[in-house]
Amino acid sequence: MVRRSALFGISIVASTLVGLFSIPVLISRFGADLWGLLAVMQVACQFFAVLVAFGWGATGPSMVSALPAHQRKSVFRQSLAFRGVLFLVLAPVAAITCLLLTGQPTAVVALAAVSYVTPGLSAAWYLVGTNRPVALFFWDALPAILGQVAGLLVVLVVPELWAYLLCTAIAGVGGAVGSAIYVLTRRSDGRVRGVAPTPTADLVRSQFAGVSSTMSASVWTAAPLVLVQALAPAAAPVYAVVDRFMKYGVLALAPVLQAVQGWVPEAGQAEVRTRALQAVRVSIGVGGLGGVLLAALATPVSAVLTLDEATMPWIISVICGAAFLGECVAQIVGLSSLVALGGARQLAVSSLASAILGVPLMALLIGLWGLIGAAVGLFIVASALAVYRVAHARRLAVARGAAEAV
């Protein structure tokens, strides 16, 4: 698992470094306010990207890891076709949403929609589940990195937001197409039509838990920045930095999550219980380390990256570090242990509850305390989600152990 985490980490480290470097460049060319609007468009479009992914990003790695090799490619083909239809329907809706939220020109919101909704078509979940970290880097991370680098170079000459987004949109489409071609041409994963396609109604039903959990999580992820923009707009640039740092924290967590998602179920049902409980301990250790680093480094790093225009206060950094611990535990336990133990329903319920209860709580706290209220809301929801998922993972593991003993 450590080896896999290191290999999957290649993509994450490269993406994170480019993303961090882009912040001061974009702020220097566009200003903190326009950069904040770009962040709003990004989180809004990411919600639609989750809808396009339709749950495969959550349950897909564990599912495809457990499939016989000869069935994998046909399952991916059907997933891609279904997600392609969703993309054609939802990308225009994402563009309209960005237009209403930010008032940016039509060309800008259209390019933002293509840039940030296209990842929903990615084969990343399949490459994670089949343990192909090198392919994940070349077909998922590298196109995004090249698009960002090209965009940063272009805005040095043409300081316009549409120019940056044009580069990222081209790279995003290229990566999605390239990853699909890569998967569909691998002979080791069976034939493209190796098994009979699942009826659409059954396909939707089978993905209900995955899409419910990811959609609810996406609502919760996108809501705070949108609420800050609406209720405390003066704090939006600083909260955009908070949002970006939390996302980079989760991004840094991804190699561990990706490795654990494939590692827990791959040894067969006899080992799932033991490995699922080990994953809980891994999540606490990784989350604790990441939380301490975030609390200690977020304030000085944000000052450097934003040219002192949107520095995170120390109190916000500490609260966000504690929130990251909860987020880390909730993600690893939910997407690896719960799914492998047959707890997809608990995953979906907890994600739905975080959105239904978390969004109004966040709105209340932002209205009362502004930026600090947003950080406190993140901590409360992440902690509650972590406790719920750990409790249910342990319960399912105990029940499985009792059944095996019989």
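Biologist: Which residues is Leu165 in contact with, leaving aside its neighbours within four places in sequence?

Modeller: In this predicted model, Leu165 is in contact with Leu38, Val108, Leu111, Ala112, Ser115 and Tyr116. Contact here means heavy atoms within 4.5 Å.

Biologist: What makes Leu165 stand out in the largest nonpolar core?

Modeller: That core has 120 residues, and Tyr164 and Leu165 touch the most other members. Helix H11 gives the most to this core, with 15 residues.

Biologist: Happy to hear about H11, then. How do you know that H11 and H13 are roughly parallel or roughly antiparallel?

Modeller: We look at the angle. H11 (residues 236-266) and H13 (residues 314-340) pack at about 25 degrees, with their axes 10 Å apart. Angles under 35 degrees count as roughly parallel, so H11 and H13 are roughly parallel to each other. H11 passes H13 in a right-handed crossing.

Biologist: Which residues make that contact of H11 and H13?

Modeller: From H11, they include Val242, Met246, Gly249, Val250 and Leu253. From H13, Ile316, Cys320, Ala323, Phe324 and Glu327 are among them. The residues of this contact divide into 16 nonpolar, four polar and one charged. Glu counts as charged and Gly as polar.

Biologist: And how do H13 and H14 pack?

Modeller: H13 and H14 (residues 344-369) pack at an angle of about 145 degrees, with their axes 7 Å apart. Gly334, Leu335, Leu338 and Val339 of H13 make the contact with Ala344, Gln346 and Leu347 of H14. Those residues divide into five nonpolar, two polar and no charged.

Biologist: Why is Ala141 called buried?

Modeller: Ala141 has a relative accessible area of 4%. Buried means under 20%, so Ala141 is buried. Its place is in helix H7 (residues 133-157).

Biologist: One last residue, please. Which residues does Phe47 touch, not counting residues up to four places away in sequence?

Modeller: Phe47 touches Met215, Ser218 and Val219. Phe47 itself lies in helix H2 (residues 32-53).

Biologist: How many residues apart in sequence are Phe47 and Ala94, and what is the C-alpha to C-alpha distance?

Modeller: Phe47 and Ala94 are 47 residues apart in sequence and 8.6 Å apart in space, C-alpha to C-alpha.

Key: Residues are numbered from 1 along each chain as its sequence is written. This is a predicted model: local features need pLDDT of at least 70, side-chain atom pairs count only at pLDDT 80 or more; totals for chains, interfaces and linings use all residues. Side-chain values use heavy atoms; hydrogens and water are left out. Axes are lines fitted to C-alpha atoms, for helices over the stretch in contact, and angles run from 0 to 180 degrees between N-to-C directions. Helices (H or I, at least four residues) and strands (E, at least two) are DSSP runs, numbered from the N terminus. Angles under 35 degrees count as roughly parallel, over 145 as roughly antiparallel, 65 to 115 as roughly perpendicular and the rest as oblique. A crossing is left-handed if the near helix is turned anticlockwise from the far one by less than a right angle, and right-handed if clockwise. A nonpolar core is a set of buried Ala, Val, Leu, Ile, Met, Phe, Trp, Tyr and Cys residues joined through side-chain atoms within 4.5 Å. Buried means under 20% relative accessible area, exposed over 50%, partly exposed in between (1.4 Å probe, protein chains only).
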